[in-house]
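Open the model in your viewer and keep the sequence panel in view.

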Amino acid sequence: MKVLVVGAGAVGGYFGTRLVESGVDVTFLVRKNKQLLINENGVKVQSIHGNVNILPKTITVSYPPEDYDVILVSTKSYHIDSAVEDIKRFVGKNTVIIPLLNGISHLDILLNAFPNNNVMGGLCFIESTTNEENVIVQTSPSHDLVFGELSGETSDRVKYIKKVFSNTKASIRTSDSIISEMWAKYFFIACFSGITTLFRSSIGFIREDKDDLGIINKLINEIGLIMKAHEVPLPNNIKENQLMKIMIIPETMKSSMLRDMERGSQIEGEHIHGYLLNLANKYHLDTPLLKIIYFNLQAYENQFIN
């Protein structure tokens, strides 16, 4: 099986490296400058699950067309349109595309670009970042990759991919309800990133204050209202589950969006919170806290752009 990983950053770099480590035939699709950097230094991972340093195969979009069996798309959401164009030359009739992005709107983009049953659902749970030395630093117990057919079917190709990926040091599993799991993760990310970016703080400090905890509950209720109106397939106790997750994650944990802001990098506010706000407007729902969070992120984006 030939696997193409789009991007070699904190997410794609981590899971791609774990696959290479286990013997899977992996190639990274990267920009030219990134390729030069990898050719010189390799890809290094520092992880609580074990460090690894590899010199992987890399290609750029200028390489000749070639079909891959699986393509893992791990870019940020604001690069999804360019990523779609980049991978078209590497998608064959039987290629499986598995996105690992936050949010949900990228799924429609992929399905529109590749309508011939190429796209599966996918998500990941991981706390990782790339430091100043371009080392991928992975710090959380969770390093999970989940994928499955959008129909919920346990197909032969799902079974085959699972078998090939089964010997990695990362936790990789299949799901027969991947759409529901993607929405549930979206719910969590929207809440977690919204709160931590609003307060510019790790979650522990926010949880300690009773009033701040009330704000977390208010945001959970607003997001739950939106998803209910949109008839998202989620369990009835989803709001309680989201609060529990917020309460049990390590107190020092920050959202990736907050870490991006601290680095002065571009963020996914439009993809995550802007999309929810559009749904709220579609269903004429009042979501004042979500609006504040979105405007806060817009203010940062304007400063970043200018």
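Select Met-244, Met-247 and Ile-248, which together form a nonpolar patch on the surface of this predicted model. The accessible area of the three side by side comes to about 310 Å². Is Ile-248 buried or exposed? Ile-248 has a relative accessible area of 63%, so it counts as exposed, the cut-off being over 50%.

Stay with helix 9 and bring in helix 8, residues 210–229. Each of these two helices supplies at least two residues to the lining of the second largest pocket. To see the lining, select Phe-187, Asn-221, Gly-224, Leu-225, Met-227, Lys-228, Val-232, Leu-234, Pro-235, Asn-236, Ile-238 and Lys-239. Which helix gives the most to this lining? Helix 8 does, with five residues. Color the selection by residue type and you will find seven nonpolar, three polar and two charged residues. The pocket holds about 260 Å³ of space.

Next, go to the loop between helix 8 and helix 9 and select Glu-231. Look at the backbone here: phi of Glu-231 is positive, about 55°, although the residue is not a glycine. Glu-231 is exposed, with a relative accessible area of 69%.

A second residue of this kind is His-284. Find His-284 in the loop between helix 11, residues 269–282, and helix 12, residues 288–305. What is the phi of His-284 near? The value is near 55°, again positive in a residue other than glycine. His-284 has a relative accessible area of 73%, so it too counts as exposed, because that is over 50%.

Now move to helix 6, residues 178–199, and select Trp-183, which is found there. Trp-183 has a relative accessibility of 8%; this is under 20%, so the residue counts as buried. Trp-183 and Leu-123 are 60 residues apart in sequence, and the line spans 9.9 Å in space.

Rolling a probe the size of a water molecule over the atoms shows where empty space is left. How many cavities of 30 Å³ or more are counted? The count is two.

The largest share, four residues, comes from helix 6. By type, the lining has five nonpolar residues, three polar ones and one charged.

For the last stop, clear the view and select Ala-8, Lys-34, Ile-38, Gly-42, Val-43, Asn-134 and Ile-136. These residues line the second largest cavity, which has a volume of about 40 Å³. Here the division is four nonpolar, two polar and one charged.

Definitions and conventions. Residues are numbered from 1 along each chain as its sequence is written. This is a predicted model: local features need pLDDT of at least 70, side-chain atom pairs count only at pLDDT 80 or more; totals for chains, interfaces and linings use all residues. Side-chain values use heavy atoms; hydrogens and water are left out. On a 1 Å grid over the protein atoms alone, a cavity is a set of points where a 1.4 Å probe fits but cannot get out, and a pocket is an open set with protein on both sides within 12 Å along at least five of seven lines; lining residues have an atom within 4 Å of a point. Grid points are joined across faces, edges and corners, and a volume is the space filled by probe spheres set on the points. Ala, Val, Leu, Ile, Met, Phe, Trp, Tyr, Cys and Pro count as nonpolar, Asp, Glu, Lys and Arg as charged, and the others, Gly among them, as polar. Patches are made of residues with over 30% relative accessible area and no salt bridge: like charges are joined within 9 Å, nonpolar side chains (Val, Leu, Ile, Met, Phe, Trp, Tyr) within 5 Å. Accessible areas come from the Shrake-Rupley method with a 1.4 Å probe; for residues, only the protein chains shown count as cover. A salt bridge is a side-chain nitrogen of Lys or Arg within 4 Å of a carboxyl oxygen of Asp or Glu. Buried means under 20% relative accessible area, exposed over 50%, partly exposed in between (1.4 Å probe, protein chains only).
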